[in-house]
Amino acid sequence: MINKADAIIIGSGGLGAATAYYLSKRKGLSVALVDKHDIGSQTSPRAAGMVSCVRKSDLMTSLIKDACRKIEAFTEETGQPLDWVHSGSLKIARRPQDAEVIKADFERSRRMGLDVELISPEQASRLNPFLKPTGVVAAMWIGDDRYFDPAQVAVGFAKAAARQGATLLPNTDVLSVNISAGKVTGVTTANGIIEGSIVVDAAGAWTRQVAEASGIRVPLVPTRQQLIVTEPLDGARADLPMVRIMDAAVYTRPCQGGFLWGVYEETPRFFDMQSLGANFDVKDMPLDIEVLRAAAIEVKDQFPVLQTAKVREFRGGIPTMTADGHHILGPAPGTAGFYFASGCNVAGLSISPAVGELLATWIVDGEPRVDLSLMSVTRFNDRAWSEPELHREAAWQYRHFYGAV
Ligand SMILES: NCCCC(=O)O
């Protein structure tokens, strides 16, 4: 156990570990990465590992392009393994109003320099023969999209941070962030106090608990995300493009000779982490396979194999949603040295290399390299979200992740 660090990162998921890694590259800065569980063991390894380059804003598009470069260079940069496949993807509209969204996506993405094409339903089906053209009204090919092994990212960044001198403190529960005269002074853990003037709350599903223990409220909500990995299927090649069906909010990608797939359901399950108890582990989260069965029926004409493929693995994580679908990143107003790195909105692992580097720059240089006001907690203007309001907005963002209208 250490008793002092310049920067203390609470939470070793993709975003916390990436932030620790980029901070530890700054000479002379001591970094502690603290987690109440094993390093990188909670939601990040249970993610889909899909990179979606078509985003709703120019900021997110440029960040995900940077994240793609960092994923490609991950092993060279960190010395840690990362298996990834440059498969491309297909965005599928089944309703005329979603075809309009695809057109707007196409124009914005082209302007941002992405490799995108509007293609016919039949062309889409030729690229991934498991996708049937029945009921498809528009399709877009996204050449930049790729997928990776989600279990390797957070652990890889954490190990690389440790090689640069960061201290990893797994199984260390943070009881409070200590604040005196409006400034962070460190954290109290179950194993003792660590003094430090910078604390990053990257505690994922526990972000709110960490902040609220010190009287800081942050409007985000832990949300269940579940997915299935099927048994191997004839023809499910690793390089088949991923498929996203907009209005059904169903996504799939090749995985271990079969498919990994999931859904952003209409009425997501939200969690109050406090009520789950101090020893809760994401692996113990209650799952509900009926949600996925219903989704498989909803897309049976486009991706029929999801109804019949045998289930090899059924898993879930607890990412955090916000009311407007954007991260909560950067300083907490009124408490010098307290930073948020959370609110990934179920697409956070893939973008974490870019966001983690930006946050590290922001912390060290005192300002972000690009305008990140879209992600600042101050955008809510201290609005006191009631839980029902927050849940309503977060549920809408969740279901409409692909921009369906
Ligand atoms: N976390 C699920 C990601 C799905 C997608 O990239 O479309």
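Begin by selecting Trp362, which counts as partly exposed because it has 19 C-beta neighbours inside 10 Å. The scale behind that label takes C-beta atoms placed from the backbone: a residue is buried if 20 or more others lie within 10 Å of its own, exposed if 12 or fewer, and partly exposed in between. The model on display is predicted; local features need pLDDT of at least 70, side-chain atom pairs count only at pLDDT 80 or more, and totals for chains, interfaces and linings use all residues. Residue numbers start from 1 along each chain as its sequence is written.

**Around Trp362**

Trp362 belongs to helix H10; helices (H or I, at least four residues) and strands (E, at least two) are DSSP runs, numbered from the N terminus. Leaving aside residues up to four places away in sequence, Trp362 touches Gly330, Glu367 and Pro368, where contact requires C-beta atoms, placed from the backbone, within 7 Å.

**The hairpin**

From Pro331, move to its bridge partner in E22, Tyr339. Strands E21 (residues 328–331) and E22 (residues 338–342) are antiparallel and share 4 bridges; pairing requires at least two bridges found by DSSP. The two strands make a hairpin with 6 residues between them, and Gly334 in the turn has a positive phi of about 90°.

**The core and Leu33**

Next, display the largest nonpolar core, which has 129 residues; Ile8, Ile9, Ile10, Ala20 and Leu33 have the most contacts inside it. Such a core is a set of buried Ala, Val, Leu, Ile, Met, Phe, Trp, Tyr and Cys residues joined through C-beta atoms within 7 Å. Helix H10 (residues 348–365) contributes the most to this core, with 8 residues. The core lies between domain 1 (7–46 + 151–220 + 323–386) and domain 2 (83–146 + 222–316), because both give residues to it.

Centre the view on Leu33, whose contacts beyond four places in sequence include Ile9, Ala20, Ala158, Ala161 and Leu169.

**Helix H6**

Is H6 (residues 153–163) mostly covered or mostly open? H6 is mostly covered, with 8 of its 11 residues buried. After H6 comes Gly165, with a positive phi near 110°.

**The two domains**

Colour by domain, using bounds that come from an automatic or database domain assignment. The C-alpha centres of domain 1 and domain 2 are 29 Å apart. Across the boundary, 9 residues of domain 1 are in contact with 10 residues of domain 2. On the domain 1 side, the touching residues comprise 3 nonpolar, 5 polar and 1 charged; Ala, Val, Leu, Ile, Met, Phe, Trp, Tyr, Cys and Pro count as nonpolar, Asp, Glu, Lys and Arg as charged, and the others, Gly among them, as polar.

**The ligand**

Finally, select the ligand and the residues around it: Ala47, Ala48, Met50, Ser52, Gln225, Arg244, Tyr251, Val346 and Ala347. Each has its C-beta atom, placed from the backbone, within 6 Å of the molecule. By class, this shell holds 6 nonpolar, 2 polar and 1 charged residues.

Technical notes:
Contact = placed C-beta atoms within 7 Å.
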